[in-house]
Amino acid sequence: RRPAPRPAPRISNRAAPGSWLPLIMVLGLKLRHRIEIGLLILLATLVFLTYSPEDETYFWQRWFVVLVMVAALVLVDFLFLDSNAMIFDPDTENWRRRTEAGKYQ
């Protein structure tokens with residue numbers, strides 16, 4: 001008599017409790033976007049680490065300005081700098097041809 005086949009091991013996609021890093025990996029983002037999100041997290045950490053109520057030089061504000069500028073660039077990258085980015089063509093016929101090319105075939 002043949003032994004019964006062993007069941008395949010179950011692989012869990014669940015991350016450890018309180019862990020946010022695997023969430024970024026699961027989202028299906030490109031490497032460039034992962035690096036940008038990591039940079040945002042690093043800059044936000046620097047803002048929080050340099051904040052002190054007794055600090056009269058407001059050093060944390062410099063990091064906050066950098067964080068806001070990088071966040072704006074990341075937002076533009078996520079919205080417009082991808083393969084399925086917004087198409088701007090002032091000629092309506094060209095725009096219609098490009099956007100509706102495969103719709104009626």
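1. A nonpolar surface patch, as the term is used here, consists of Val, Leu, Ile, Met, Phe, Trp or Tyr residues with over 30% relative accessible area and no salt bridge, their side chains joined within 5 Å. In this predicted model, Leu 75, Val 76, Leu 79, Phe 80 and Leu 81 make such a patch, of about 470 Å². Leu 75, one of its members, lies in helix H3. Leu 75 counts as exposed because its relative accessible area is 51%, and the cut-off for that class is over 50%.

2. On the overall fold: the protein chain contains 4 helices and 0 strands. The order along the sequence is α-α-α-α.

3. On burial and surface: the protein chain has 105 residues, and 12% of them count as buried. Its accessible surface is about 9,600 Å². Carbon and sulfur atoms account for 64% of that surface.

4. On contacts along the chain: taking the contacts between residues at least 6 apart in sequence, 40% are between residues at least 24 apart.

5. On the core: Leu 40, Leu 43, Val 47, Leu 67, Val 70 and Val 74 form the largest nonpolar core, which has 6 residues. At least two residues of this core come from helix H2 (31–50), and at least two from helix H3 (59–80). Leaving aside residues up to four places away in sequence, Leu 40 is in contact with Leu 67, Val 70, Ala 71 and Val 74.

6. Is Asp 77 buried or exposed? Asp 77 counts as buried because its relative accessibility is 4%, and the cut-off for buried is under 20%. Residues up to four places away in sequence aside, Asp 77 touches Arg 32, His 33, Glu 36 and Asp 82.

7. On the aromatic residues: there are 2 aromatic pairs in the model. Two values describe such a pair, namely the distance between the ring centres and the angle between the planes. For Tyr 51 and Trp 60 these are 5.5 Å centre to centre and 80 degrees, and the pair is edge-to-face. The edge-to-face label applies because the angle is 80 degrees and the cut-off is over 60. Ring pairs join Tyr 51, Trp 60 and Phe 64 into a cluster. Tyr 51 is partly exposed, as its relative accessible area is 47%.

Definitions and conventions:
Residues are numbered from 1 along each chain as its sequence is written. This is a predicted model: local features need pLDDT of at least 70, side-chain atom pairs count only at pLDDT 80 or more; totals for chains, interfaces and linings use all residues. Side-chain values use heavy atoms; hydrogens and water are left out. Buried means under 20% relative accessible area, exposed over 50%, partly exposed in between (1.4 Å probe, protein chains only). Contact means heavy atoms within 4.5 Å. Accessible areas come from the Shrake-Rupley method with a 1.4 Å probe; for residues, only the protein chains shown count as cover. Rings of Phe, Tyr and Trp (its six-membered ring) pair if their centres lie within 6.5 Å; planes under 30 degrees apart count as stacked, over 60 as edge-to-face and the rest as tilted. A nonpolar core is a set of buried Ala, Val, Leu, Ile, Met, Phe, Trp, Tyr and Cys residues joined through side-chain atoms within 4.5 Å. Patches are made of residues with over 30% relative accessible area and no salt bridge: like charges are joined within 9 Å, nonpolar side chains (Val, Leu, Ile, Met, Phe, Trp, Tyr) within 5 Å. A salt bridge is a side-chain nitrogen of Lys or Arg within 4 Å of a carboxyl oxygen of Asp or Glu.
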